[in-house]
Amino acid sequence: MTETHLADTHNETSHGAHWQRALGKVAQRIEGLDSRRPHGKIVRATGLVLEATGLRLPLGSACLVELAQHGHTEYAEAEVVGFAGDRLFLMPLGDTQGLVPGARVLTLGSNQRDAASARRFPLGEALLGRVLDGNGRALDGKGSLENAPHAPLNTRPINPLDRAPIESVIDVGIRAINGLLSVGRGQRMGLFAGSGVGKSVLLGMMSRYTQADVIVVGLIGERGREVKDFIENILGTEGRERAVVVAAPADVSPLQRLQGAAYATRIAEGFRDEGRNVLLIMDSLTRYAMAMREIALAVGEPPATKGYPPSVFARLPGLVERAGNGKPGGGSITAFYTVLTEGDDQQDPIADAARAILDGHVVLSRDLAESGHYPAIDIEASISRAMTEITEGAHQRRANRFKQLFSRYQRNRDLISVGAYAAGHDPQLDRAVALYPRLEGFLQQGIYEQADVTATLDALASLFPETR
């Protein structure tokens with residue numbers, strides 16, 4: 001046998017061994033697949049909702065919808081949001097371009113039983129300083145979070161009898177709130193405001209100055225430009241170091257906006273369960289409700305108040321009740337939820353529902369904002385329901401005295417402006433007029449000015465030294 005023939009034989013043998021190894025790897029991958037993985041097909045696509053048959057999945061289950069993209073197959077995640085008979089209503093989490101009639105629908109888990117809990121999201125220490133989307137994916141380009149602990153979004157609600165009571169004041173760094181609307185650790189407050197009255201700036205001040213171990217910010221349904229502006233200019237470097245930001249802006253699907261709010265709350269719960277004190281800022285609860293409205297109307301639920309279906313008002317408490325104190329000796333979640341009041345209407349249905357389920361509300365006034373009064377907190381319309389339990393008697397009496405004099409001046413403001421007020425007839429009004437510049441100065445605060453609780457109480461005592 002010639003040397004050339006031996007070389008050819010050797011090459012053929014090596015080539016054959018290479019293909020055998022490659023085929024062996026493919027066979028192993030095929031064997032590892034679940035051949036019984038169930039799938040259905042898309043039979044209808046209308047607006048935001050896809051209809052599928054061939055699967056039996058519980059509400060909230062995750063699945064994958066097959067898309068044809070330029071000669072190759074991609075998948076879009078979707079969630080079961082309803083059903084009628086044997087048809088499932090699916091809401092995609094992202095773009096469905098390339099969807100064709102009869103496209104396959106696969107369960108995200110290995111079988112139909114675990115599809116509801118197949119989606120898991122990153123949690124824990126690795127998230128500090130990061131910006132994530134509603135799916136738990138990084139938006140800041142700082143690397144993957146695959147090595148972080150993962151868990152499902154849903155958690156068991158805490159037994160209300162097992163929660164620690166609200167007993168201590170949390171310092172939010174805002175003089176008007178610390179002095180007149182004291183917030184307790186574990187309290188859930190609403191921030192009611194129309195557009196353009198300084199809501200985001202106030203949230204940024206609280207995120208920088210609040211005495212909390214961790215800050216979780218959920219930017220839900222906001223404009224994309226505002227997301228970057230809040231992170232870079234309002235939250236700032238100091239606030240971002242101890243913060244986690246979940247951004248689900250207005251251009252993502254309504255389901256992802258809902259998921260973003262639930263994910264931000266889940267992150268806060270994770271830190272609370274570790275014994276930390278968390279500040280949760282959700283901007284905004286109204287956009288969350290609007291996303292629920294879009295989904296409910298898309299699956300055929302009839303509208304009720306101002307187009308909001310009844311399920312919207314049933315689900316709002318489910319989100320809000322997840323915040324608050326944990327078990328005694330554990331951590332806490334102090335939450336601020338912004339509520340947009342359309343046309344500054346405080347009787348908006350979402351604003352009305354929020355007032356009923358929150359532990360107080362801070363109202364921002366457009367008139368004050370337009371007059372250059374910042375933060376534009378309307379003290380007369382705001383209230384903290386936990387203040388009487390967490391503050392001392394002298395503090396409460398001075399706060400009440402402040403509100404009485406401030407309100408007396410406001411009721412007589414027109415008379416004072418036109419010169420119809422004459423001193424000496426009403427001692428209370430005389431005192432209110434004399435103190436009003438100092439009262440107004442107490443309520444105003446610069447964006448980069450921090451007013452802690454001790455300094456606030458000293459300022460309040462200097463206004464009313466006779467009240468003890």
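Visitor: Why does Ile 447 count as partly exposed?
Guide: Buried means under 20% relative accessible area, exposed over 50%, and partly exposed in between (1.4 Å probe, protein chains only). Ile 447 has 41% relative accessibility, so it counts as partly exposed. Before we go on: this is a predicted model, where local features need pLDDT of at least 70 and side-chain atom pairs count only at pLDDT 80 or more, while totals for chains, interfaces and linings use all residues. Residues are numbered from 1 along each chain as its sequence is written, and side-chain values use heavy atoms, with hydrogens and water left out.

Visitor: Where does Ile 447 lie?
Guide: Its place is the loop between α13 (427-443) and α14 (453-463); helices (H or I, at least four residues) and strands (E, at least two) are DSSP runs, numbered from the N terminus.

Visitor: What makes the pair of Phe 121 and Tyr 263 tilted?
Guide: A search of the whole structure finds seven aromatic pairs. In the pair of Phe 121 and Tyr 263, the ring centres are 5.3 Å apart and the planes stand at 40°, so the pair is tilted. Rings of Phe, Tyr and Trp (its six-membered ring) pair if their centres lie within 6.5 Å; planes under 30 degrees apart count as stacked, over 60 as edge-to-face and the rest as tilted.

Visitor: Which parts does that pair tie together?
Guide: Phe 121 belongs to strand β7 (residues 121-122) and Tyr 263 to helix α5 (residues 254-273), so the pair ties together parts that are 142 residues apart in sequence.

Visitor: Are Phe 121 and Tyr 263 buried or exposed?
Guide: Phe 121 counts as buried because its relative accessibility is 3%. Tyr 263 counts as buried because its value is 0%.

Visitor: Why is the pair of Tyr 409 and Tyr 436 called stacked?
Guide: Here the ring centres are 3.7 Å apart and the planes are at 10°, so the pair is stacked. Tyr 409 sits in helix α11 (residues 393-411) and Tyr 436 in helix α13, so this pair ties together parts that are 27 residues apart in sequence. Tyr 409 is buried, with a relative accessible area of 12%, and Tyr 436 counts as buried at 7% relative accessibility.

Visitor: Which residues do ring pairs link into a cluster?
Guide: The cluster consists of Phe 402, Phe 406, Tyr 409, Tyr 436, Phe 442 and Phe 464.

Visitor: How do you know that Arg 293 lies over the face of Tyr 308?
Guide: Arg 293 is 4.2 Å from the ring centre of Tyr 308 and lies over its face. A charge sits over a ring if NZ of Lys or CZ of Arg is within 6 Å of the ring centre and within 35 degrees of the ring normal.
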